[in-house]
Amino acid sequence: MENKSYTPFNNNNNFKKKNNNNNKKTFFKDNDGNGNNITLSTGLDYLSEKEKCKDFLNFFKCTDNDNIGGFEKYVEMIKEITQRKRKNFDIELDDVYNFNRDPLFVESIENQTQTYLRLFTYALDELIPPPDLSSTRSAMGFNNDNDDDDDDDDDFDKNKEDQKFYQNSDMVLDLLASQRIQRKKILQEQNKLDPDSNEFDFPQEIIRRFELHFIPRKEKSITPIRLIKSEHIGRLVTFSGVVTRVTDVKPLVVISLYTCDICGAEIFQEITSREFMPIFQCKSKQCTEGGKQAGNLTLQTRGSKFVKFQEIKVQEIANQVPIGHTPRSIKVYVRGELTRMASAGDIVTMSGIFLPTPYTGHKAIKAGLLADTYIEAMQIIQHKKTYEQLDLTEEMLKKIQDESQNENIYDRLAMSLAPEIYGHLDVKKALLLMMVGGESKHMKDGMNIRGDINICLMGDPGIAKSQLLKHIAKVAPRGIYTSGKGSSGVGLTAAVIRDTMTGEFVLEGGSLVLADMGICCIDEFDKMEDSDRTAIHEVMEQQTISIAKAGITTTLNARTSILAAANPAYGRYNFDRSPDENFRLPHSLLSRFDLLFLMVDKADMDNDRLLSEHVTYVHMHSKPPQLSFEPFDSEFIRAYVSQARKIVPPVPKDLTNYIVDSYITLRKQDSETKTPFTYTTARTLLGVLRLSQAFARLKFSQQVSQEDIEESMRLMFVSKQSIRFKNEKKTPQNPSSIIYTLIKDHCALNNVKKVLISDIQQKVFSSGFTQQHLTDCLNLYKSVLNSNSNFISLI
């Protein structure tokens, strides 16, 4: 790897000296093997290209402003950098093209990006004035009063202010540079220093306070990762992918400062690679003249310049991978202000320079002439991954406000989820509530109660469970889809791997960690090994992952909703066996699901005909049949859910007794059933509260109402409705008839003819019906039922 001991010079002066011999072209001489010199031209006049860069920076005017003449965009940016108010200096190639309509200049920048990065840097060095500590202090709000004052308090305040000012490492480097400039100026005025002497010069990188980036043209197409090849070396490329690993941000040394133990000279060393060899002996004139022994150099970290550095690994998106191929990945080096802009699991679009780097150490022996490649990041666009980060337009907010006033918004949003899949309306409603979720509770003593809703879809093959999972993973802003058979416990939680940069063991998050603040969809849940499935227990309730591997003991956040799909133990649901035998999942895991949908594929002529017609239509027209309304697209659903999640509706005190009575009724029903479908525990009560709060959020309600609780109880009932009846053909009954039968059975069981309406309401609601169904029943059977505000009696 290249490293060079710094011989003091000014980059711009040196740049001019190299080009004084020929102002038009830069030539290289070679030999053809017969003693004849061959002159090769790069076709690039560096001085004229640098002048183009300066003209652009000086005279480009942005016409998108309200000002008639436009404003000097990059001149203003230079002023902000001079005043230490800005660090990023982003040059948009669209602006470069619009400046002189010179497509060749833009293409040269895109094809020789590294070269033009240096040219623009040199141009900015000439346009930005050298550091002036007094102006810098004023711009940063510090006092510049240097008048002599005997007041000790003023001196104390000034010392504190100086300490605060020089805590910034950039200010220390400015101080070093300004002192050298001032010292050189004084010595030259006293004729004690040769005007051409470079004794007090320093690397220009020391006083650079900007990070230059090129922003690609908007019309530039995105290149798939697997198509970035050798012809792209040195060029500006744009690609998209999934961030699979992100290292910690660490300081990377750019300029090293050494001081001599004997003469006190300051020696700079420019470092242009990831590795370098420090300088040990002083090379100043005082130590080298007269055959003196050179002094030892000591590295001074305070005067050295460091930049933030981070390495990111980006992998191809699944839909870009050809069939039968494995996903390709690429390393991205991120520096300065671009660090910490992406985290593992994010889908990003990046722009950068594709560059080679030789192997080092033992790898270099094996690699031979081969080189590794990486991307030097110029721009990172993170596709928003959480609901809180979505940027909604005024038009979208108005549409959300208008739609929220619609009474049928709940049904319409649910039907807009995977409209290609026929039926399963209650399942889609539950999935919609899962996306909204409840509020997480954080107690003062550190105890947390999750607000995320977990759902398990268990049913026969061929009822579109996997399609529902994939659709939710696509709609959710941070959705991860994985298959249980191909997922291990380590793959779901976290794996310990060795970092390629430092050689240390680091944690790489699995699917549950990547789905933090999102939804993790696990297909074929029943096919997982028991040892792997136990890794999910802690995530589903505590929403954390405890790791104790390879000397690493930590806890990772996994605040995610679990959406699982599984088949019964015998492939299809066997009505001759108990629910426990069909589930083949431990109760400790089943109790962690707020809703467990049991979906049985039963033969029904009418339903089968509608299903087949729906599937045939989708197959023929590649779109779902026309609904009574225009289904909402995924973007609107995400936007609507993001607004709904901002509401935190509390549960009013007057509903406490109703919730308690409903829970007691569920427990009583379980105790009276020989083979209950699921066991009702305290987790069930929390599930009811979460679903109720999610339903209230969806309606933009400011508090939870009884209707919300009824809807959550109804969903819990209908989730097991498909296995409540045997395979025998049942005569279909309407809700009013079923409710009338419930009232008659209750009176017969208690040997009474008059019952409290509150007792009947609990039975009706726990059976999956609503208050409207009860009202319709009383109106329909008013000839045999007499009711008032408190009682129902049989006539």
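**Salt bridges up close**

Modeller: The count comes to 30 salt bridges, a salt bridge being a side-chain nitrogen of Lys or Arg within 4 Å of a carboxyl oxygen of Asp or Glu. Bear in mind that this is a predicted model, where local features need pLDDT of at least 70, side-chain atom pairs count only at pLDDT 80 or more, and totals for chains, interfaces and linings use all residues. Residues are numbered from 1 along each chain as its sequence is written, and side-chain values use heavy atoms, with hydrogens and water left out.

Let's go to E541 and R450, whose side chains meet at 3.6 Å, N to O. E541 sits in helix α19 (residues 535–541) and R450 in the loop between β15 (448–449) and β16 (455–459), so this pair ties together parts that are 91 residues apart in sequence. (Helices are DSSP runs of H or I, at least four residues; strands are E runs of at least two, and both are numbered from the N terminus.) E541 is buried, at 15% relative accessible area, and R450 is buried too, at 4%. Buried here means under 20% relative accessible area, exposed over 50%, and partly exposed in between, with a 1.4 Å probe and protein chains only. Salt bridges that share partners also link R450, E541, D594, R683 and R690 into one network.

Elsewhere, E205 pairs with R208, with the closest N and O atoms 2.8 Å apart, and both of these residues are buried. E80 and R86 form a salt bridge too, at 2.9 Å between the closest N and O atoms. E80 is partly exposed at 29%, and R86 is also partly exposed, at 29%.
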